[in-house]
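Reader: I'd like to go through the side-chain contacts in this one. Can you put it up?

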Amino acid sequence: MPITSAQKTAIEEVIDLLVSTTPARGKRQLSAMFMELVDRADWPEYYEVIPEPRCIGAVRASLEKNRYKEPLDAQIAADADTLKNVLETEWQKRSVLPAPPRHSPPPSSPQKVHGTLPAALPQLKMAQSTVSPTKPRAADATPATATTSTSAQAPKAAPRPSTPLQASSPEIDIDVNGMSPEPDGQTEDITMGSVAGEGDSEAIIRQLENSLPRWEGFGNLGWMSEVSKEQLLEIVLAIKSHKDIIGNRLAIALEAVPEDPTSPLLSYHSPLSLKLIEGRARSKSYETSKDFDLDMARLFEKARRWYEPGTEPYGRVLLLQRLYQAITSPSPPSGPPYTSSTNFASIRAGPGTARPLHSMDSEGVPGVTTYRVSTRDRTCVDEVHHKGWSIRLADWLHVSNPDDPSRPIVGQVFKCWISDEPAKKGQPGLSVCWYYRPEQTFHPAHAQFMDKEVFKTSLFADHPVEDVIEKIACQFTARHIRGRPRPPFWYPGWPLYVCHSRYNDRERLFVKIKNWSSCIPEEFRKNEEFMPIYPFERLVYPTKTGSPFVGKGAVKGPGGIGDPIERAEGEKIEGGGTGRKRVKRNAWPEVGPSSSLTKPTTVGTAATFGSTPTYYQQPPPQPPVQGHKPYSGSGDTKDRSMLTAAGNLTVPPLVEKLPPDTTKFFDRSPETNEVLWFAAPPLDVAHSPPPKHSLVYLHFLAKKRKEQGQEESSESMDVDDARAATTKKRRASVAPTMTEMMGSTWESVFGQVREA
């Protein structure tokens, strides 16, 4: 049955709406390229790829000729499905193209998802790589067992929409010498065109990371000691059956990971799951304990990449990994069942709750950290080995967090050592400098943070190698915006953090790092080859978000919303030194250019997109001016900005950014390098002219001077009327002007000289 007139009218309205659609800004017709088919003579390959092409003009013509019989199950819906299927098929055949976008709307979309992705399954963070999966190596070929694969029952999450890749550029082997915060001869003024736009940043990063070498996998040292094959099965069952304090079995997080490889960035490409390992242990297929240990390490690696960091399943995976490393250590805990009040970590508290030795704070757990690296009762070595990792000085690590396993401690190795204590004789360990996450700090409600940003502290802690979760990398801002670390410091797929500031947990202050070399171990401070980079095509600034304690999805501390702690002058501070008297000021600095949520700047300046970030930077103290002091009323130095007056906002304020093509036409502040702006246009007021003599007065002066001249010329003449002469002299008594006096003096002096 042909479509009704009402249906035809509705379809025509839809087509007219599509044709008339324009972007939010401008009058460009979005449907112009889809109105007519391309010329067959000019584009023959187009008709080879799409045998039955469609266009809006052809659909409209068919509708006018009543060729469509049904509005849905006939040609209109079929044409759309044909185009969609051809696009997906042909796109996936070309490996140089990124993965197609997901079929379901994003989680924030108001549309309903019709069963594409089960909500209970974790989201897969699939790396967008152009490298095709390679054939499994010989070491990966493990004897199969009677267990069946569950990969077919676990659908994979679709990857995020990707930005089209840009044309590749030749690789340049450069480095940022000296670890200077800014480029040579450049402060905070970035040349226009050298900074990547927000839309290009992801493509530039992905293009570089896709070309970097991949991690070859775990090494041959640091594996568990040889045990019986029956003990291997007991270890698997202990991990599988472990429950938390309320009875939840944590191994569900491991069992939900698909058996097939979930990412091309993994160190192996063979099927692996907890069920498969259990089957091999039951059939005694493992020839050595090292083979079993390697499979478990790879399983934890896959699970860490499968779950989103900070989520509950991710924390369960890390807790089970720490339990497994404790069971396979030289000094295993008693069990099963295994219990621990620190989530099996060796320390009693983590960042935000741990306090240094001899701490004076009433809150927190004292005696966990120190301000110096200890060398007592230990022998320092160049490297230690654990579970295939070779850990050296200055390596970055994820360390088990006793307070929250889903947020492992970010730290840098400052010493590798072997214990000489009688109770721990021969056991390897590490002295690690802790880095705090934003949720582990106290900061204002309007604070903004870069993606994966951490903050260096002055706290050190001793960890046994069993606390190590994995190797990671952390870049200081100067290099993070320019490229990615070279191997062996970092490989694609490893967690990567960025650090821009120090955090003083005693005074809750953020201080911008100006000398990056002072933040790494002393042995590497003069080494220019420390963490060289593969450069980006252009500078790429990370995105920024608001405080984790503000808005929807706010998390709990140990940090929180707070202001810096003012210390009294002379008051003792932990770690040495005394309090200093300083003027109270806004401790949180300005925001950078890449943020999507920016903090309102002070009056007279505006945050710009094309400048180098100046966030966390404290204003320099102003020296006192002798003889002049601005009026301050009662001495009140309270912050009276608009944001402070508004109070703690539930959602950070949105401020639009000025594009670079606009900011380049305006003057900048010489102090902050920000664009000068004013709340209102200048007042067009005519300036009052300076005071002038009136015409009447000028006429009077001219008349007097004329009369005076006539009097001087008549001195040699006889005057009949003495009274008139006397009156004329009295009326002509006008004082000469300064110009006349100077001229007379000049003539008298130089006239005598000429006569002589």
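Author: What follows covers the cores, the salt bridges and the ring contacts, in that order. This is a predicted model, in which local features need pLDDT of at least 70 and side-chain atom pairs count only at pLDDT 80 or more, while totals for chains, interfaces and linings use all residues. Residues are numbered from 1 along each chain as its sequence is written, and side-chain values use heavy atoms, with hydrogens and water left out.

Reader: Fine. How many residues has the largest nonpolar core?

Author: That core has 61 residues. A nonpolar core here is a set of buried Ala, Val, Leu, Ile, Met, Phe, Trp, Tyr and Cys residues joined through side-chain atoms within 4.5 Å. Buried means under 20% relative accessible area, exposed means over 50%, and partly exposed is in between (1.4 Å probe, protein chains only). The residues with the most contacts inside the core are Ile391, Leu430, Trp434, Tyr435 and Phe476.

Reader: Which strand gives the most to this core?

Author: Strand E8, residues 428-436, with six residues. Strands (E, at least two residues) and helices (H or I, at least four) are DSSP runs numbered from the N terminus. Another core, of 37 residues, lies apart from the largest one and includes Ile235, Leu272, Ile277 and Tyr307.

Reader: Changing topic. How many salt bridges does the rule give?

Author: The count comes to 23. The rule asks for a side-chain nitrogen of Lys or Arg within 4 Å of a carboxyl oxygen of Asp or Glu. One of them joins glutamate 209 and arginine 484, at 3.5 Å from N to O. Glutamate 209 is in helix H5 (residues 198-210) and arginine 484 in strand E13 (residues 483-485), so this pair links parts of the chain 275 residues apart.

Reader: Is arginine 484 buried or exposed?

Author: Arginine 484 counts as buried, at 6% relative accessibility. Glutamate 209 is partly exposed, at 22%.

Reader: What about glutamate 523 and lysine 415?

Author: Their side chains meet in a salt bridge, 3.3 Å from N to O. Glutamate 523 sits in the loop between strand E15 (509-512) and strand E16 (533-535), and lysine 415 in strand E7 (residues 409-419), so the pair ties together parts that are 108 residues apart in sequence. Glutamate 523 is partly exposed at 48%, and lysine 415 is partly exposed at 24%.

Reader: Which residues are linked in a network of salt bridges?

Author: Lys240, Glu278 and Arg282 are linked that way.

Reader: On to rings. How many aromatic pairs are there?

Author: The structure holds 20. Rings of Phe, Tyr and Trp (its six-membered ring) pair if their centres lie within 6.5 Å; planes under 30 degrees apart count as stacked, over 60 as edge-to-face and the rest as tilted. Tryptophan 215 and tryptophan 494 pair edge-to-face, with 5.7 Å between centres and 75° between planes. Both of these tryptophans are buried.

Reader: Which cluster does Trp215 belong to?

Author: Ring pairs link Trp215 with Phe218, Trp223, Trp389, Tyr491 and Trp494. Within it, phenylalanine 218 and tryptophan 223 are edge-to-face, 6.0 Å centre to centre with 70° between the planes.

Reader: Last one. Where does the charged end of arginine 378 sit?

Author: Over the ring of tryptophan 417, 4.1 Å from its centre. The criterion is NZ of Lys or CZ of Arg within 6 Å of the ring centre and within 35 degrees of the ring normal. The charged end of arginine 508 likewise sits over the ring of phenylalanine 442, 3.8 Å from its centre.
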